[in-house]
Amino acid sequence: MSSVQEVNPRVLRIRAPTCLQREAARITQEISQGAEKPFKKVIDVSSGDPHRAGMAPISFVRQVLAACLYPELLKEESLPLDARQRAERLLGACGGSVGSYSVTSRGIPHVLQGVAEFITRRDGGVTSDPESIVFSTGAQKNLLLVLHLMASGEGEAQTGVLTPVPCPHTLPMLLDACGVTAVPYLLMEDQGWALDLVELHRALKTARGCCEPRALYISNPGNPTGHVQDRKTIEDVIRFAASEGLVLLVEEVYQDSTYGQQKEFISYKRVLFDMGKKYSETVELISINSISNASMGECGLRGSYMEVINLDPAVNKYLRNMQATSSPPILPQLALDVMVSPPSPGDPSYETYRQEILHIQTTLSLNAQRAHEFLNDLPGVSCQPAMAGVFLYPRLRLPPQMIEEAKKLGVEADVLYCQWLLEEEGVCLGAGCENGHEGQNYHIRLCVLAPPATLEEVLARLCSFHLRLLDRFP
(Lines give C-alpha, C1' and ligand atoms only; values in the text may rest on other atoms or scores of the structure.)
Protein backbone atom coordinates (compact mmCIF):
# COMPACT_ATOMS: atom_id res chain seq x y z
CA MET A 1 0.00 0.00 0.00
CA SER A 2 1.34 3.37 -0.92
CA SER A 3 0.08 5.21 2.13
CA VAL A 4 -0.52 4.51 5.80
CA GLN A 5 -4.21 4.09 6.61
CA GLU A 6 -6.05 4.17 9.92
CA VAL A 7 -7.00 0.62 10.79
CA ASN A 8 -8.71 -0.26 14.03
CA PRO A 9 -8.00 -3.40 16.05
CA ARG A 10 -10.22 -6.36 15.22
CA VAL A 11 -10.12 -5.66 11.49
CA LEU A 12 -8.92 -9.27 11.24
CA ARG A 13 -12.10 -10.52 12.86
CA ILE A 14 -13.26 -14.02 12.07
CA ARG A 15 -15.40 -14.28 8.95
CA ALA A 16 -17.99 -16.70 7.75
CA PRO A 17 -16.18 -19.44 5.82
CA THR A 18 -15.93 -18.79 2.10
CA CYS A 19 -16.29 -22.55 1.58
CA LEU A 20 -14.34 -22.35 -1.66
CA GLN A 21 -12.45 -25.59 -1.04
CA ARG A 22 -15.62 -27.40 -0.04
CA GLU A 23 -17.29 -26.12 -3.19
CA ALA A 24 -14.29 -27.33 -5.19
CA ALA A 25 -14.66 -30.79 -3.60
CA ARG A 26 -18.38 -30.83 -4.42
CA ILE A 27 -17.75 -29.97 -8.07
CA THR A 28 -15.04 -32.63 -8.27
CA GLN A 29 -17.48 -35.22 -6.95
CA GLU A 30 -20.10 -34.15 -9.50
CA ILE A 31 -17.59 -34.57 -12.33
CA SER A 32 -16.70 -38.06 -11.08
CA GLN A 33 -20.40 -38.92 -11.20
CA GLY A 34 -20.66 -37.85 -14.84
CA ALA A 35 -21.86 -34.26 -14.54
CA GLU A 36 -21.08 -32.04 -17.53
CA LYS A 37 -18.87 -29.05 -16.73
CA PRO A 38 -16.99 -26.56 -18.93
CA PHE A 39 -13.78 -28.14 -17.61
CA LYS A 40 -12.55 -31.69 -17.04
CA LYS A 41 -11.23 -31.26 -13.51
CA VAL A 42 -10.93 -28.77 -10.68
CA ILE A 43 -7.46 -27.39 -9.94
CA ASP A 44 -7.05 -26.24 -6.32
CA VAL A 45 -4.15 -23.83 -5.84
CA SER A 46 -5.68 -21.90 -2.95
CA SER A 47 -3.40 -23.28 -0.22
CA GLY A 48 0.32 -23.97 0.10
CA ASP A 49 -0.10 -27.69 -0.54
CA PRO A 50 2.32 -28.62 -3.35
CA HIS A 51 1.43 -32.32 -3.27
CA ARG A 52 -2.26 -31.55 -3.82
CA ALA A 53 -1.20 -29.36 -6.72
CA GLY A 54 0.68 -32.29 -8.27
CA MET A 55 4.27 -31.97 -7.05
CA ALA A 56 5.93 -35.29 -6.20
CA PRO A 57 7.14 -35.97 -2.64
CA ILE A 58 10.83 -36.34 -1.83
CA SER A 59 11.80 -39.99 -2.40
CA PHE A 60 14.10 -40.29 0.63
CA VAL A 61 11.39 -39.02 2.98
CA ARG A 62 8.86 -41.57 1.77
CA GLN A 63 11.40 -44.42 1.67
CA VAL A 64 12.39 -43.83 5.30
CA LEU A 65 8.79 -43.49 6.46
CA ALA A 66 7.73 -46.58 4.50
CA ALA A 67 10.42 -48.70 6.13
CA CYS A 68 9.48 -47.35 9.56
CA LEU A 69 5.82 -48.19 8.96
CA TYR A 70 6.60 -51.65 7.55
CA PRO A 71 9.93 -52.87 8.96
CA GLU A 72 9.97 -55.83 6.55
CA LEU A 73 11.23 -53.26 4.01
CA LEU A 74 14.47 -53.05 5.97
CA LYS A 75 15.38 -56.27 4.13
CA GLU A 76 14.38 -54.84 0.75
CA GLU A 77 17.57 -54.10 -1.19
CA SER A 78 15.67 -52.04 -3.77
CA LEU A 79 15.53 -49.32 -1.09
CA PRO A 80 18.77 -47.32 -0.78
CA LEU A 81 21.01 -48.48 2.03
CA ASP A 82 21.05 -45.10 3.79
CA ALA A 83 17.23 -44.96 3.77
CA ARG A 84 17.09 -48.38 5.44
CA GLN A 85 19.80 -47.43 7.94
CA ARG A 86 17.99 -44.20 8.81
CA ALA A 87 14.72 -46.07 9.30
CA GLU A 88 16.46 -48.60 11.54
CA ARG A 89 17.94 -45.85 13.71
CA LEU A 90 14.63 -44.05 13.97
CA LEU A 91 12.78 -47.23 14.87
CA GLY A 92 15.30 -47.79 17.62
CA ALA A 93 14.83 -44.24 18.82
CA CYS A 94 11.04 -44.52 19.00
CA GLY A 95 10.90 -47.82 20.83
CA GLY A 96 10.75 -50.18 17.88
CA SER A 97 7.37 -49.22 16.45
CA VAL A 98 5.74 -46.10 15.04
CA GLY A 99 2.64 -47.25 16.90
CA SER A 100 4.24 -46.49 20.25
CA TYR A 101 3.93 -43.29 22.22
CA SER A 102 6.92 -40.96 22.13
CA VAL A 103 9.72 -42.12 24.43
CA THR A 104 9.14 -38.91 26.41
CA SER A 105 6.02 -36.74 26.45
CA ARG A 106 8.01 -33.95 24.76
CA GLY A 107 8.98 -36.11 21.81
CA ILE A 108 11.73 -38.45 20.68
CA PRO A 109 15.03 -37.28 22.26
CA HIS A 110 17.00 -38.26 19.13
CA VAL A 111 14.80 -36.02 16.97
CA LEU A 112 14.81 -33.16 19.47
CA GLN A 113 18.61 -33.27 19.40
CA GLY A 114 18.63 -33.38 15.59
CA VAL A 115 16.41 -30.28 15.36
CA ALA A 116 18.66 -28.41 17.80
CA GLU A 117 21.74 -29.33 15.76
CA PHE A 118 20.01 -28.18 12.54
CA ILE A 119 19.21 -24.78 14.08
CA THR A 120 22.80 -24.45 15.35
CA ARG A 121 24.18 -25.15 11.85
CA ARG A 122 21.68 -22.81 10.21
CA ASP A 123 22.55 -19.95 12.53
CA GLY A 124 26.31 -20.17 12.16
CA GLY A 125 27.03 -21.85 15.46
CA VAL A 126 24.52 -20.03 17.69
CA THR A 127 23.72 -22.88 20.06
CA SER A 128 20.24 -24.34 20.23
CA ASP A 129 19.13 -26.28 23.31
CA PRO A 130 16.87 -29.35 22.80
CA GLU A 131 15.11 -28.32 26.02
CA SER A 132 13.87 -25.20 24.19
CA ILE A 133 12.27 -27.21 21.36
CA VAL A 134 8.55 -28.04 21.45
CA PHE A 135 7.00 -30.38 18.87
CA SER A 136 3.42 -30.16 17.74
CA THR A 137 0.98 -31.26 15.04
CA GLY A 138 1.56 -28.37 12.67
CA ALA A 139 2.60 -24.73 12.95
CA GLN A 140 -0.97 -23.68 13.74
CA LYS A 141 -1.05 -25.95 16.78
CA ASN A 142 2.25 -24.51 18.03
CA LEU A 143 0.86 -21.01 17.65
CA LEU A 144 -2.39 -22.06 19.32
CA LEU A 145 -0.47 -23.26 22.39
CA VAL A 146 1.27 -19.90 22.70
CA LEU A 147 -1.86 -17.81 22.11
CA HIS A 148 -3.86 -19.76 24.68
CA LEU A 149 -1.09 -19.13 27.19
CA MET A 150 -0.95 -15.39 26.42
CA ALA A 151 -4.71 -14.77 26.23
CA SER A 152 -6.16 -12.88 29.18
CA GLY A 153 -8.36 -9.97 30.12
CA GLU A 154 -11.34 -8.29 28.52
CA GLY A 155 -11.94 -4.96 26.83
CA GLU A 156 -8.96 -2.64 27.21
CA ALA A 157 -7.10 -5.32 29.17
CA GLN A 158 -7.55 -8.06 26.55
CA THR A 159 -4.34 -9.44 25.04
CA GLY A 160 -3.49 -7.96 21.67
CA VAL A 161 -1.16 -9.30 18.98
CA LEU A 162 0.25 -7.05 16.27
CA THR A 163 -0.61 -8.87 13.05
CA PRO A 164 0.47 -8.15 9.46
CA VAL A 165 -1.98 -7.40 6.68
CA PRO A 166 -1.90 -9.52 4.62
CA CYS A 167 -1.32 -12.42 6.99
CA PRO A 168 -1.55 -16.23 6.69
CA HIS A 169 -5.19 -17.00 5.97
CA THR A 170 -5.53 -19.26 9.03
CA LEU A 171 -4.25 -16.66 11.51
CA PRO A 172 -7.42 -14.54 12.04
CA MET A 173 -9.40 -17.62 13.03
CA LEU A 174 -6.70 -18.70 15.52
CA LEU A 175 -6.63 -15.29 17.17
CA ASP A 176 -10.38 -15.17 17.43
CA ALA A 177 -10.60 -18.73 18.79
CA CYS A 178 -8.14 -17.82 21.55
CA GLY A 179 -9.91 -14.60 22.50
CA VAL A 180 -6.98 -12.44 21.40
CA THR A 181 -7.39 -9.03 19.76
CA ALA A 182 -5.77 -8.65 16.34
CA VAL A 183 -3.86 -5.38 16.01
CA PRO A 184 -3.28 -5.02 12.24
CA TYR A 185 -0.21 -3.37 10.76
CA LEU A 186 -0.16 -2.85 7.02
CA LEU A 187 2.67 -4.21 4.90
CA MET A 188 3.77 -1.86 2.12
CA GLU A 189 2.48 -3.31 -1.15
CA ASP A 190 4.23 -0.74 -3.37
CA GLN A 191 7.52 -1.74 -1.70
CA GLY A 192 7.12 -5.46 -2.40
CA TRP A 193 5.16 -6.00 0.84
CA ALA A 194 7.98 -4.71 3.05
CA LEU A 195 7.48 -4.13 6.77
CA ASP A 196 7.57 -0.45 7.77
CA LEU A 197 8.66 0.56 11.27
CA VAL A 198 6.53 3.73 11.23
CA GLU A 199 3.49 1.56 10.54
CA LEU A 200 4.35 -0.68 13.49
CA HIS A 201 4.44 2.36 15.78
CA ARG A 202 1.14 3.59 14.34
CA ALA A 203 -0.54 0.23 14.90
CA LEU A 204 0.72 0.03 18.48
CA LYS A 205 -0.44 3.56 19.27
CA THR A 206 -3.87 2.84 17.79
CA ALA A 207 -4.21 -0.34 19.83
CA ARG A 208 -3.51 1.19 23.21
CA GLY A 209 -6.77 2.01 24.88
CA CYS A 210 -8.48 -0.77 22.91
CA CYS A 211 -6.45 -3.75 24.14
CA GLU A 212 -3.15 -4.66 25.78
CA PRO A 213 -0.57 -5.49 23.05
CA ARG A 214 1.69 -8.29 24.26
CA ALA A 215 3.16 -9.82 21.11
CA LEU A 216 4.23 -9.06 17.55
CA TYR A 217 3.55 -11.70 14.88
CA ILE A 218 6.02 -11.88 11.98
CA SER A 219 5.88 -14.07 8.89
CA ASN A 220 9.31 -14.29 7.24
CA PRO A 221 9.53 -15.20 4.42
CA GLY A 222 6.12 -13.65 4.09
CA ASN A 223 2.96 -15.74 3.77
CA PRO A 224 1.28 -14.97 1.37
CA THR A 225 3.47 -12.10 0.16
CA GLY A 226 6.76 -13.91 -0.53
CA HIS A 227 8.71 -10.96 0.91
CA VAL A 228 12.09 -11.70 2.56
CA GLN A 229 13.18 -9.36 5.33
CA ASP A 230 16.76 -8.10 5.28
CA ARG A 231 19.03 -7.90 8.30
CA LYS A 232 18.36 -4.19 8.95
CA THR A 233 14.61 -4.73 9.01
CA ILE A 234 14.99 -7.63 11.43
CA GLU A 235 17.25 -5.56 13.68
CA ASP A 236 14.69 -2.71 13.67
CA VAL A 237 11.89 -5.11 14.57
CA ILE A 238 13.91 -6.62 17.42
CA ARG A 239 14.67 -3.15 18.83
CA PHE A 240 11.00 -2.24 18.52
CA ALA A 241 9.92 -5.40 20.36
CA ALA A 242 12.54 -4.79 23.06
CA SER A 243 11.51 -1.18 23.64
CA GLU A 244 7.80 -2.03 23.77
CA GLY A 245 8.12 -5.25 25.77
CA LEU A 246 6.56 -7.44 23.07
CA VAL A 247 7.08 -11.16 22.54
CA LEU A 248 8.20 -11.95 18.99
CA LEU A 249 6.11 -14.72 17.40
CA VAL A 250 8.03 -15.53 14.21
CA GLU A 251 6.71 -17.98 11.62
CA GLU A 252 9.67 -19.05 9.44
CA VAL A 253 8.08 -21.98 7.62
CA TYR A 254 9.29 -20.97 4.14
CA GLN A 255 12.93 -20.49 5.13
CA ASP A 256 13.96 -23.20 2.65
CA SER A 257 12.47 -21.48 -0.40
CA THR A 258 14.22 -18.16 -0.99
CA TYR A 259 14.78 -17.61 -4.71
CA GLY A 260 14.72 -13.83 -5.23
CA GLN A 261 17.92 -12.41 -6.65
CA GLN A 262 20.40 -11.36 -3.97
CA LYS A 263 17.94 -12.41 -1.27
CA GLU A 264 18.75 -14.82 1.53
CA PHE A 265 16.87 -16.01 4.55
CA ILE A 266 18.32 -14.91 7.90
CA SER A 267 16.61 -16.22 11.00
CA TYR A 268 15.41 -13.84 13.69
CA LYS A 269 17.36 -15.86 16.24
CA ARG A 270 20.66 -15.39 14.41
CA VAL A 271 20.18 -11.63 14.13
CA LEU A 272 19.07 -11.46 17.76
CA PHE A 273 22.29 -13.10 18.95
CA ASP A 274 24.41 -11.03 16.56
CA MET A 275 23.04 -7.89 18.27
CA GLY A 276 24.74 -8.69 21.57
CA LYS A 277 23.65 -9.56 25.09
CA LYS A 278 21.50 -6.45 25.51
CA TYR A 279 19.01 -8.13 23.19
CA SER A 280 20.03 -11.80 23.03
CA GLU A 281 19.46 -12.26 26.77
CA THR A 282 16.25 -10.24 27.08
CA VAL A 283 14.07 -10.28 23.97
CA GLU A 284 11.46 -13.06 24.12
CA LEU A 285 11.33 -14.95 20.83
CA ILE A 286 9.34 -17.94 19.61
CA SER A 287 10.32 -19.28 16.18
CA ILE A 288 8.16 -21.79 14.30
CA ASN A 289 9.12 -24.15 11.45
CA SER A 290 7.27 -27.00 9.79
CA ILE A 291 7.50 -29.97 7.41
CA SER A 292 4.78 -28.24 5.36
CA ASN A 293 7.50 -26.06 3.84
CA ALA A 294 8.11 -25.73 0.11
CA SER A 295 10.75 -28.44 -0.35
CA MET A 296 9.17 -31.25 1.68
CA GLY A 297 5.57 -30.16 1.29
CA GLU A 298 4.39 -32.84 3.74
CA CYS A 299 1.38 -30.79 4.79
CA GLY A 300 -0.82 -33.75 5.66
CA LEU A 301 1.66 -35.23 8.13
CA ARG A 302 1.16 -32.19 10.39
CA GLY A 303 4.59 -31.86 11.94
CA SER A 304 6.28 -28.73 13.31
CA TYR A 305 8.48 -27.41 16.05
CA MET A 306 8.94 -24.14 17.85
CA GLU A 307 12.06 -22.90 19.58
CA VAL A 308 11.42 -20.85 22.71
CA ILE A 309 14.06 -18.25 23.60
CA ASN A 310 14.30 -16.05 26.72
CA LEU A 311 10.84 -16.90 28.01
CA ASP A 312 10.48 -17.39 31.74
CA PRO A 313 11.52 -21.00 32.56
CA ALA A 314 8.08 -21.56 34.11
CA VAL A 315 6.45 -20.54 30.82
CA ASN A 316 8.73 -22.85 28.86
CA LYS A 317 7.87 -25.69 31.22
CA TYR A 318 4.17 -24.91 30.93
CA LEU A 319 4.31 -25.04 27.13
CA ARG A 320 6.00 -28.44 27.27
CA ASN A 321 3.48 -29.68 29.83
CA MET A 322 0.56 -28.52 27.69
CA GLN A 323 1.95 -30.58 24.83
CA ALA A 324 2.64 -33.48 27.20
CA THR A 325 -1.09 -34.01 27.79
CA SER A 326 -1.08 -35.57 24.32
CA SER A 327 2.40 -36.62 23.28
CA PRO A 328 3.28 -35.63 19.69
CA PRO A 329 2.60 -38.31 17.05
CA ILE A 330 5.55 -40.34 15.83
CA LEU A 331 5.41 -40.08 12.03
CA PRO A 332 5.68 -36.27 11.87
CA GLN A 333 8.70 -36.43 14.18
CA LEU A 334 10.39 -38.94 11.87
CA ALA A 335 9.72 -36.66 8.90
CA LEU A 336 11.17 -33.75 10.87
CA ASP A 337 14.32 -35.80 11.44
CA VAL A 338 14.72 -36.26 7.69
CA MET A 339 14.05 -32.56 7.05
CA VAL A 340 16.72 -31.36 9.48
CA SER A 341 19.23 -34.08 8.54
CA PRO A 342 18.90 -34.98 4.85
CA PRO A 343 21.31 -37.22 2.91
CA SER A 344 24.91 -35.95 2.83
CA PRO A 345 27.40 -36.00 -0.06
CA GLY A 346 28.63 -39.56 -0.49
CA ASP A 347 25.42 -41.16 0.79
CA PRO A 348 23.66 -43.50 -1.68
CA SER A 349 20.55 -41.26 -1.76
CA TYR A 350 22.36 -37.94 -1.94
CA GLU A 351 22.37 -37.40 -5.70
CA THR A 352 18.68 -38.29 -6.10
CA TYR A 353 17.80 -36.09 -3.15
CA ARG A 354 19.86 -33.18 -4.51
CA GLN A 355 18.22 -33.45 -7.94
CA GLU A 356 14.72 -33.57 -6.46
CA ILE A 357 15.33 -30.52 -4.27
CA LEU A 358 16.84 -28.68 -7.24
CA HIS A 359 13.80 -29.55 -9.34
CA ILE A 360 11.43 -28.18 -6.69
CA GLN A 361 13.43 -24.98 -6.25
CA THR A 362 13.78 -24.42 -10.00
CA THR A 363 10.10 -25.10 -10.61
CA LEU A 364 9.12 -22.69 -7.85
CA SER A 365 11.40 -19.91 -9.08
CA LEU A 366 10.41 -20.20 -12.75
CA ASN A 367 6.71 -20.55 -11.94
CA ALA A 368 6.77 -17.48 -9.71
CA GLN A 369 8.43 -15.43 -12.43
CA ARG A 370 6.09 -16.74 -15.13
CA ALA A 371 2.92 -16.13 -13.10
CA HIS A 372 4.10 -12.68 -11.98
CA GLU A 373 4.65 -11.55 -15.57
CA PHE A 374 1.39 -13.12 -16.76
CA LEU A 375 -0.73 -11.55 -14.03
CA ASN A 376 0.72 -8.09 -14.59
CA ASP A 377 -0.29 -8.35 -18.26
CA LEU A 378 -3.95 -8.86 -17.33
CA PRO A 379 -5.99 -5.63 -17.34
CA GLY A 380 -7.00 -4.61 -13.85
CA VAL A 381 -4.44 -6.85 -12.14
CA SER A 382 -1.15 -5.90 -10.49
CA CYS A 383 1.21 -8.29 -8.77
CA GLN A 384 4.33 -7.73 -6.71
CA PRO A 385 7.18 -10.17 -7.40
CA ALA A 386 7.73 -12.84 -4.78
CA MET A 387 11.17 -13.53 -3.30
CA ALA A 388 10.33 -16.76 -1.45
CA GLY A 389 7.50 -18.99 -0.36
CA VAL A 390 4.87 -20.60 -2.57
CA PHE A 391 2.31 -17.83 -3.10
CA LEU A 392 1.67 -14.87 -5.32
CA TYR A 393 -0.76 -12.30 -3.99
CA PRO A 394 -2.02 -10.13 -6.87
CA ARG A 395 -4.31 -7.14 -6.46
CA LEU A 396 -7.58 -6.84 -8.39
CA ARG A 397 -9.14 -3.59 -9.59
CA LEU A 398 -12.68 -4.87 -9.97
CA PRO A 399 -15.48 -3.19 -11.93
CA PRO A 400 -17.80 -1.09 -9.72
CA GLN A 401 -20.81 -3.05 -10.98
CA MET A 402 -19.29 -6.30 -9.68
CA ILE A 403 -18.54 -4.71 -6.31
CA GLU A 404 -22.18 -3.64 -6.08
CA GLU A 405 -23.28 -7.14 -7.06
CA ALA A 406 -21.16 -8.57 -4.25
CA LYS A 407 -22.70 -6.17 -1.74
CA LYS A 408 -26.19 -7.29 -2.76
CA LEU A 409 -25.15 -10.91 -2.25
CA GLY A 410 -23.56 -10.16 1.13
CA VAL A 411 -20.04 -11.32 0.22
CA GLU A 412 -16.70 -9.64 -0.36
CA ALA A 413 -16.03 -8.87 -4.01
CA ASP A 414 -12.83 -10.96 -4.07
CA VAL A 415 -14.78 -13.93 -2.67
CA LEU A 416 -17.37 -13.50 -5.43
CA TYR A 417 -14.56 -13.33 -8.00
CA CYS A 418 -13.16 -16.63 -6.71
CA GLN A 419 -16.60 -18.25 -6.59
CA TRP A 420 -17.37 -17.35 -10.20
CA LEU A 421 -13.90 -18.46 -11.31
CA LEU A 422 -14.44 -21.83 -9.63
CA GLU A 423 -17.89 -22.31 -11.15
CA GLU A 424 -16.95 -21.23 -14.67
CA GLU A 425 -13.36 -22.47 -15.01
CA GLY A 426 -12.79 -24.99 -12.23
CA VAL A 427 -9.89 -23.11 -10.60
CA CYS A 428 -9.90 -22.70 -6.81
CA LEU A 429 -7.98 -19.65 -5.54
CA GLY A 430 -7.89 -17.99 -2.12
CA ALA A 431 -9.68 -14.68 -1.53
CA GLY A 432 -7.69 -11.81 -0.05
CA CYS A 433 -10.25 -11.09 2.66
CA GLU A 434 -9.14 -14.40 4.25
CA ASN A 435 -5.70 -12.81 4.61
CA GLY A 436 -7.05 -9.78 6.45
CA HIS A 437 -7.72 -7.36 3.62
CA GLU A 438 -10.90 -5.28 3.69
CA GLY A 439 -12.50 -2.40 1.86
CA GLN A 440 -11.41 -1.75 -1.69
CA ASN A 441 -8.18 -3.75 -1.35
CA TYR A 442 -9.20 -6.84 -3.31
CA HIS A 443 -6.62 -9.60 -3.72
CA ILE A 444 -6.41 -13.25 -4.65
CA ARG A 445 -3.99 -15.89 -3.35
CA LEU A 446 -2.34 -18.32 -5.75
CA CYS A 447 0.04 -21.18 -4.94
CA VAL A 448 2.64 -21.36 -7.72
CA LEU A 449 4.43 -24.51 -6.56
CA ALA A 450 2.78 -26.87 -9.04
CA PRO A 451 3.93 -28.73 -12.15
CA PRO A 452 4.53 -26.12 -14.89
CA ALA A 453 1.81 -27.63 -17.10
CA THR A 454 -0.67 -27.31 -14.23
CA LEU A 455 0.29 -23.69 -13.66
CA GLU A 456 -0.15 -22.93 -17.38
CA GLU A 457 -3.62 -24.47 -17.25
CA VAL A 458 -4.48 -22.34 -14.21
CA LEU A 459 -3.25 -19.16 -15.89
CA ALA A 460 -5.11 -19.93 -19.12
CA ARG A 461 -8.39 -20.55 -17.31
CA LEU A 462 -7.88 -17.49 -15.12
CA CYS A 463 -7.21 -15.30 -18.17
CA SER A 464 -10.31 -16.59 -19.98
CA PHE A 465 -12.51 -15.91 -16.96
CA HIS A 466 -11.02 -12.51 -16.20
CA LEU A 467 -11.47 -11.18 -19.73
CA ARG A 468 -15.05 -12.44 -19.82
CA LEU A 469 -15.68 -10.70 -16.51
CA LEU A 470 -14.47 -7.40 -17.91
CA ASP A 471 -16.76 -7.85 -20.91
CA ARG A 472 -19.65 -8.62 -18.56
CA PHE A 473 -18.99 -5.46 -16.52
CA PRO A 474 -17.48 -2.99 -19.02
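Where in the structure is the place of W193? The legends below take up this residue and several other sites.

**View 1. W193 in its loop.** W193 is placed in the loop between β4 (181-186) and α8; helices (H or I, at least four residues) and strands (E, at least two) are DSSP runs numbered from the N terminus. The model is predicted: local features need pLDDT of at least 70, side-chain atom pairs count only at pLDDT 80 or more, and totals for chains, interfaces and linings use all residues. Residues are numbered from 1 along each chain as its sequence is written, and side-chain values use heavy atoms, with hydrogens and water left out. The phi angle of W193 is near 70 degrees, a positive value in a residue other than glycine. W193 counts as buried because its relative accessibility is 2%; buried means under 20% relative accessible area, exposed over 50%, and partly exposed in between (1.4 Å probe, protein chains only).

**View 2. N310 in the loop between β8 and α12.** N310 has a phi near 70 degrees, which is positive although the residue is not glycine. With a relative accessible area of 30%, N310 is partly exposed.

**View 3. Packing of helices α8 and α9.** Helix α8 (residues 197-207) packs against helix α9 (residues 231-244) at an angle of about 25 degrees, and their axes are 11 Å apart. Axes are lines fitted to C-alpha atoms, for helices over the stretch in contact, and angles run from 0 to 180 degrees between N-to-C directions. The angle makes α8 roughly parallel to α9 (under 35 degrees counts as roughly parallel, over 145 as roughly antiparallel, 65 to 115 as roughly perpendicular and the rest as oblique). L197, L200, H201 and L204 of α8 make the contact with D236, V237, F240 and E244 of α9, contact meaning heavy atoms within 4.5 Å. By class, this contact has five nonpolar, one polar and two charged residues (Ala, Val, Leu, Ile, Met, Phe, Trp, Tyr, Cys and Pro count as nonpolar, Asp, Glu, Lys and Arg as charged, and the others, Gly among them, as polar).

**View 4. Cis peptide bonds at P166 and P221.** V165 and P166 are joined by a cis peptide bond with omega of about 5 degrees. P166 lies in the loop between β3 (159-165) and α7 (171-177). From N220 to P221 the peptide bond is also cis, and omega is near -5 degrees. The loop that holds P221 runs between β5 (212-219) and α9.

View 5. The structure holds three aromatic pairs; rings of Phe, Tyr and Trp (its six-membered ring) pair if their centres lie within 6.5 Å, and planes under 30 degrees apart count as stacked, over 60 as edge-to-face and the rest as tilted. Y417 and F465 form an edge-to-face pair, 5.0 Å centre to centre with 80 degrees between the planes. W420 and F473 form a stacked pair, with 6.1 Å between centres and 5 degrees between planes. W420 is buried at 14% relative accessible area, and F473 is buried at 13%.
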